[in-house]
Each structure stands twice: as structure tokens, then as C-alpha cells.
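Here is a short briefing for a reader new to this structure.

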Amino acid sequence: MEILKPIIVLGSLGLLFGVLLSIASRVFAVEMNPMVGNILGVLPGANCGACGFPGCEGLANAIAKGTAPTNACPIGGAAVAQKVAAIVGGEAGEVLRQVAVVRCNGTCNLAKDKYEYYGIKDCRYISQIGGGNKACSYGCLGCGTCQEVCPFDAIEIKDGIAHIIKEKCKACNKCVVVCPKKIIELMPYDRHTVIKCASEDKGKVVKSNCAVGCIGCQICVKKCPKQTIKFENNLAHIDYTGCVDCKTCVKACPVKAIHDDRPEKPKKVLTPEEIEALKAKKAAAEAAKAAAQVTTAE
């Protein structure tokens with residue numbers, strides 16, 4: 001009996017609390033708008049917070065209340081926006097897909113270091129130690145903090161620099177927020193020209209710290225046929241509303257600080273027969289030119 005008493009008491013208390021919780025759940029239950037559940041069903045469920053709300057449920061509630069647009073989810077894009085619009089009844093609106101870009105290309109062999117660092121691999125931590133180990137105070141520290149917070153595995157570290165895998169990036173903004181140097185930005189997905197430097201130092205300082213940093217020569221500003229490159233705070237900036245990715249600035253930049261992220265087309269390898277045909281064509285053209293010159297002289 002001594003053993004059974006506490007078992008009976010605990011069992012009774014458990015049963016009592018279970019009944020009370022069941023009653024409380026019914027009394028204090030908050031009815032969910034059925035529309036919220038429907039919207040949640042089409043949202044991607046990433047809970048990344050890129051929309052500015054606390055997770056997908058927070059966004060679904062806001063959309064149902066009319067305090068957020070149907071295209072507020074940057075992860076889902078146009079497809080999800082259309083489904084949400086069909087649920088709430090309205091227009092999806094235009095969804096501009098964006099992608100993150102790291103504005104630094106100062107790899108280990110191109111940028112100088114102030115000191116050798118051995119310690120915690122966290123950009124936020126190392127940035128508090130003299131601004132980081134990079135000689136350029138604006139340079140990527142390459143510890144991979146942005147890589148760790150990316151929920152889509154869209155960031156890789158190569159040669160001491162973070163790189164965005166464009167096809168995987170969903171522009172959730174987490175890497176933008178976590179970067180202590182503030183050199184990760186969002187740009188339109190369909191644009192390809194990027195100024196891979198964020199240094200606002202003067203050209204002489206930049207050149208002494210990094211071989212591929214913007215030196216403020218403004219050649220890109222002068223050469224741009226659409227006049228979409230502006231120069232401010234010793235640094236060139238692209239206005240993507242007018243940029244047509246003509247590559248003029250990419251070719252003109254003397255330090256190769258401007259990049260085009262499109263892969264280069266592989267050069268065609270000519271067969272021996274094609275090489276001989278080209279030679280014959282060239283020889284025929286030269287012979288025709290010589291004959292024309294003789295005729296003119298006569």
C-alpha cells in the first residue's frame with residue numbers, strides 16, 4: 001500500500017491536470033482564419049524571415065488581414081504569389097527576383113593581410129580585432145559566417161572569399177544582415193555586371209592593399225554608353241535600372257574590379273579540314289585583292 005499510494009495520487013493528479021488542460025484548450029482556443037491555413041499551404045515553409053515577418057505563419061496572417069501584399073514572399077517568387085492571389089482574390093503583382101552578391105574579389109593572392117589569424121572562424125568576431133586581418137578594411141574576411149546562416153546552401157568559400165551560387169540563392173537577406181563588413185548586397189537576378197569592390201578608400205590606399213580594388217579612375221563612368229555608372233565616395237556604383245550588361249565597363253576597367261557573372265562561351269576548336277578551308281579562303285581573298293590592284297594600276 002505504501003508504494004501504491006503515491007502512484008494513485010500521481011495518477012489522479014495527472015488525470016485532473018489532463019482534464020483541466022483539455023477544458024482550457026477549448027475555452028481559450030483561438031480560431032484560425034481558414035484562409036491563413038490555405039495560404040500556409042502554398043508558402044514554401046522556409047521560415048527565413050526574408051519577407052519581414054516572423055516566419056511563414058506570420059506572413060500568412062498578415063496577407064489574410066490585408067497588411068501584406070500577395071507577392072511578399074521573395075523565396076516563392078511569382079509562382080507562389082499567383083497561388084496566394086488566387087486564394088485571397090486579387091492581383092499577384094510583379095515579383096522582381098533578386099540575388100545576393102559579395103562585393104569583394106580580394107582573394108588570398110590578390111589582397112594583403114595585416115596579420116595572421118588563428119582563432120574562432122566567425123567574421124563578426126574577427127572584425128572586432130583591429131577591423132579584421134585584411135589590410136583593406138572593407139574586404140571579405142572569408143570565415144564563412146554568411147555560409148553558416150544561409151538556409152539554401154548557396155554560399156561557398158573559395159580562396160578566402162565568399163561566393164554566391166546564383167542558381168541556389170533565394171535572396172532571403174540573411175547573409176546581408178550577418179555580414180559585419182556590409183559588403184553583401186542584393187541585385188536583380190537578370191543582371192550580370194557587378195563591381196566586386198566596396199572600398200571607399202582613395203585609389204592609392206586601395207592599390208597598396210589589393211590588386212583588384214576600385215582605384216577611382218572613373219574610366220567605367222566615362223565609357224558606359226548608357227551612363228548608368230555613378231561615382232560616389234571614391235567608388236563606382238551601377239544603376240541596374242538602366243544597365244544592359246554590354247560589358248563595356250568590364251573590358252575598360254584597368255584593375256579588373258568589374259565582373260560579368262555569365263560563363264564564357266567555350267572557344268570552338270577547329271578541325272584540320274576547317275583550318276585548311278580558312279587558309280584557302282584567305283588566300284583567295286588576297287589573290288582577288290591583288291588582281292584588283294593590278295587592274296586599277298592599268
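Aspartate 245 and arginine 191 form a salt bridge, with their closest N and O atoms 3.1 Å apart. The model is a predicted one. Aspartate 245 sits in the loop between β7 (235–238) and α10 (248–252), while arginine 191 sits in the loop between β4 (184–188) and β5 (193–195), so the pair ties together parts that are 54 residues apart in sequence.

- Side chains of opposite charge can pair when their charged atoms come close.
- Arginine 191 also meets aspartate 190 in a salt bridge, at 3.9 Å from N to O. The cut-off for a salt bridge is 4 Å, and the pair falls within it.
- Aspartate 245 and arginine 191 are both buried.
- Arginine 191 has a relative accessibility of 19%, and buried means under 20%, so arginine 191 counts as buried.
- Aspartate 190 counts as partly exposed because its relative accessibility is 45%.

**Another charged pair**

- Aspartate 260 and arginine 262 meet through their side chains in a salt bridge, 2.6 Å from N to O.
- Is aspartate 260 buried or exposed? Aspartate 260 counts as buried, because its relative accessibility is 16%.
- Arginine 262 has a relative accessible area of 31%, so it is partly exposed.
- The count of salt bridges comes to eight. Those described here are among them.

**How α2 packs on α4**

- Two packed helices are described by the angle between their axes and the distance between the axes.
- Helix α2 covers residues 34–42, and helix α4 covers residues 77–88. They pack at an angle of about 165 degrees, and their axes are 9 Å apart.
- Angles over 145 degrees count as roughly antiparallel, so α2 and α4 are roughly antiparallel to each other.
- The crossing of α2 past α4 is right-handed.
- Which residues make the contact? From α2 come Met35, Asn38, Ile39 and Val42. From α4 come Val80, Lys83, Val84, Ile87 and Val88.
- The residues of this contact divide into seven nonpolar, one polar and one charged.

Key. Residues numbered from 1 in each chain as written. Predicted model: local features only at pLDDT ≥ 70, side-chain atom pairs only at ≥ 80, totals over all residues. Heavy atoms only, no water. Axes fitted to C-alpha atoms, helices over the stretch in contact; angles between N-to-C directions. Helix = DSSP H or I, 4+ residues; strand = E, 2+ residues; numbered from the N terminus. Parallel < 35°, antiparallel > 145°, perpendicular 65-115°, else oblique. Left-handed = near helix turned anticlockwise from the far one by under 90°. Contact = heavy atoms within 4.5 Å. Nonpolar A, V, L, I, M, F, W, Y, C, P; charged D, E, K, R; others polar. Buried < 20%, exposed > 50% of the residue type's maximum accessible area, 1.4 Å probe, protein only.
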